[in-house]
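Here is a protein chain to look at together with some questions about the words used to describe it.

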Amino acid sequence: MSRNRLTVAILVALVCMFGVVTAVSAAPITIGAILFGEDSFFQNIKTGMETAAKDAGVTLLVSIHNHDISKETTFIEDYITRGVQAIVITPENSTASVPEIKKAYDAGVKIICFNTNINPDDAKKYVSAFYETDQSSLGYDTGKYLAKWAPSHIKGTVTVGILNCDVFEACKRRGDGFRKALADAGVKYVEAANQQAWDPAPGADKAENILQSNPKINILWAENEGGTVGEVIATRTMNMANKVFVFGTDISTQLADFLLDKDNVLQAVTGQSPRLMGSLSIQAAVAVINGKKVDSYGVVPNAFFSRADQGAVQKYKAEQ
């Protein structure tokens, strides 16, 4: 048998054994991630992404723009130039973010959104998958717990002060969910104040103003982590523990410590599952790059924590 025929015979045998022979190994995968924040929520998303990327054997690039849409544009253009196969992004704006996302899509880059998305019509065209928390349920689950908790802890009318972050659509949905839970449970409550603040320091100042202007308030609730921290600080500063009780949104090691503290200020929070969100986003990107179909929409489950379940809070802290 000639050398050429022998080579052909070997190749045929390999095909029979393994089904296919590739002339070159698969091209390496690089994914670009764009986050718009650096708080504990986004830090945990980043951790989830990094773990999933490592497990999948892909390269992950991460950029953070802190709500600067001009930087978001620059990051997308940079990723296109660098030849990433997918961009995993939480869009800053449902409309203003579209042109650059379209540019990436037209360049052959797969788009995965998490936490926030572009508008539905454009998402159908350009976004392969979107993972988010059910934002309404973040408020609803806390409101539902408050409705059960209040009768044995509050004398008289439940009077609520709220710190909102309603400049973001997701926060509006949280507020709607919170109010719906109280209404569904038949709680007779008064919403005495509602002011905008989503970072701890401004949140503490606003919460102090709310308490000073509305002495009947016995419940503070915030639509995000920073507002929740601010409300706890304000309640402590004004020595109103056991007179004012704080309920909040999101989870972090700081909020976990507040739940474990004996001062009895923070009672419960409904948190998101950011590590899982980050992980699912990278897994979807890898699948789409490899030509596999993925569900176009996924809801990431919540994580509820309360002062009444110290074990769950301790477990969360141990996992961080």
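**Reading the terms in this model**

Buried residues make up 48% of the 320 residues in the protein chain. The model is a predicted one, and its secondary structure comes to 12 helices and 12 strands.

Q: Why are β7 and β12 said to stand at the edges of their sheet?
A: Two strands pair if at least two bridges are found between them. Six strands form this open sheet, in the order β7-β6-β8-β9-β10-β12, with mixed pairing. β7 (189–196) and β12 (303–306) each have a single partner strand, so one side of each is left without a neighbour in the sheet. From one strand to the next, the twist averages 15°.

Q: What makes β6 and β7 a pair?
A: A pair needs at least two bridges, and seven bridges join β6 (residues 158–164) to β7, the two strands running parallel. One of the residues involved is T159, whose bridge partner in β7 is V190.

Q: Which strands does helix α7 touch as it packs on the sheet?
A: Helix α7 (residues 169–184) touches β6, β7, β8 (219–222) and β9 (245–249), and its direction makes about 170° with that of β7.

Q: What is the order of the open sheet with parallel pairing?
A: That sheet has six strands in the order β2-β1-β3-β4-β5-β11. Its edge strands are β2 (59–64) and β11 (297–300), since each pairs on one side only.

Q: What makes β4 and β5 a pair?
A: Three bridges join β4 (residues 110–114) to β5 (residues 129–133), and at least two are needed, so the two strands count as paired. In β5, the bridge partner of C113 is F130.

Q: Why is α3 called roughly parallel to α4?
A: Helix α3 (residues 69–82) and helix α4 (residues 98–106) pack at an angle of about 5°, with their axes 10 Å apart. Angles under 35 degrees count as roughly parallel, and that makes α3 roughly parallel to α4. Where they meet, T73, I76, E77 and I80 in α3 face E100, I101, K103 and A104 in α4 in contact.

Q: What makes a set of residues the largest nonpolar core, and which of its members touch the most others?
A: A nonpolar core is made of buried nonpolar residues joined through side-chain atoms within 4.5 Å. The largest one has 28 residues, of which L220, I251, L266 and F305 touch the most other members. Its largest share, five residues, comes from α10.

Q: Which residues of α10 are buried, and what do they pack against?
A: Buried means under 20% relative accessible area, and the residues of α10 that are buried are L255, A256, F258, L259 and L260. These buried residues pack against α9, β9, β10, β12 and α12.

Notes
Residues numbered from 1 in each chain as written. Predicted model: local features only at pLDDT ≥ 70, side-chain atom pairs only at ≥ 80, totals over all residues. Heavy atoms only, no water. Helix = DSSP H or I, 4+ residues; strand = E, 2+ residues; numbered from the N terminus. Axes fitted to C-alpha atoms, helices over the stretch in contact; angles between N-to-C directions. Contact = heavy atoms within 4.5 Å. Buried < 20%, exposed > 50% of the residue type's maximum accessible area, 1.4 Å probe, protein only. Parallel < 35°, antiparallel > 145°, perpendicular 65-115°, else oblique.
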